[in-house]
Amino acid sequence: MTQIEYLHLWDCKLDDDDARKLVDLLKNQRTAIGELILTQNCIGPRGADAIGEALLEKKTKLKVLSLDENCIGDYDSEETKPCTFFEMLKSNITLERLHMDRNMVGDDICHVLSENPSSAIYDLQLGHNVITDEGAKSLARFLKSNNKLRALKLKGNKVGNNGAIAVANATRSRARDLPMVELSTTKNKLTKKGVAKIEEAEKGKHLVQVEFTTHARPPHHDDDGS
């Protein structure tokens, strides 16, 4: 039987029910799927839970999971939160690349990631979501406790000066395998003072890349973004 190592289902209009149908495939050890791309679909919290259930299986070999441009953060209560998916992130030690840009996810996902010091994730993409300073501070703890994380994308969130500075300090604390972090002044609440503090915290290492909007620099006021 031919093994399936890569499964790319980009822009296939997959929903939660379709995601559940993938569970058996992921659990089947003979498929040995290492890369699952589900970018630009309609997968919500229930579908994410189905994927999380599959990845809780010890025999799952998935290393790359892309869920960019879905709606996993579309929940408004504890009852509708993708708890199984979050539980998987707390304990998974095989995922190496997790891409979740444009998913409406917030601080919850940052908090659960920070609880897994054994995570193998080295590439974490969380751009264009609704992450605030609290989430950024959790990711800073994740950076400090896990030396595998090498790339962190936080463009287009709601991170203010406090959260960005915490991340900058965390990158500086790493003695080796220094991570690169992407931030932006678009949606993120960085001020000119905050950017200056980030540069000061880095001490010339230039690990936190702040992308400025095309027509505007960050404001001069001292809003801490909290």
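Which residue forms a salt bridge with Lys137? Select Lys137 and Glu134 in this predicted model: the two form a salt bridge, with 3.8 Å between the closest N and O atoms. Both lie in helix H5 (residues 133–145), and because they are three residues apart there, about one helical turn separates them. Lys137 is partly exposed at 30% relative accessible area, and Glu134 is partly exposed at 45%.

Next, select Lys81. This residue counts as buried, at 15% relative accessibility. Asp108 is partly exposed, at 26%.

Now select Asp16, Asp17 and Arg46, which a network of salt bridges links. The count of salt bridges for the structure is ten.

Move to Phe85 and Phe86. The search of the whole structure finds one aromatic pair. The ring centres of Phe85 and Phe86 are 6.4 Å apart and the planes stand at 50°, so the pair is tilted. Phe85 is buried at 0% relative accessible area, and Phe86 is buried at 7%.

Finish with the cysteines. There are zero disulfides. For Cys42, the nearest cysteine sulfur is that of Cys71, 6.4 Å away. Cys42 is partly exposed, with a relative accessible area of 45%; Cys12 is partly exposed at 37%.

Terms used
Residues are numbered from 1 along each chain as its sequence is written. This is a predicted model: local features need pLDDT of at least 70, side-chain atom pairs count only at pLDDT 80 or more; totals for chains, interfaces and linings use all residues. Side-chain values use heavy atoms; hydrogens and water are left out. Rings of Phe, Tyr and Trp (its six-membered ring) pair if their centres lie within 6.5 Å; planes under 30 degrees apart count as stacked, over 60 as edge-to-face and the rest as tilted. Buried means under 20% relative accessible area, exposed over 50%, partly exposed in between (1.4 Å probe, protein chains only). A disulfide is a pair of cysteine sulfur atoms within 2.5 Å. A salt bridge is a side-chain nitrogen of Lys or Arg within 4 Å of a carboxyl oxygen of Asp or Glu. Helices (H or I, at least four residues) and strands (E, at least two) are DSSP runs, numbered from the N terminus.
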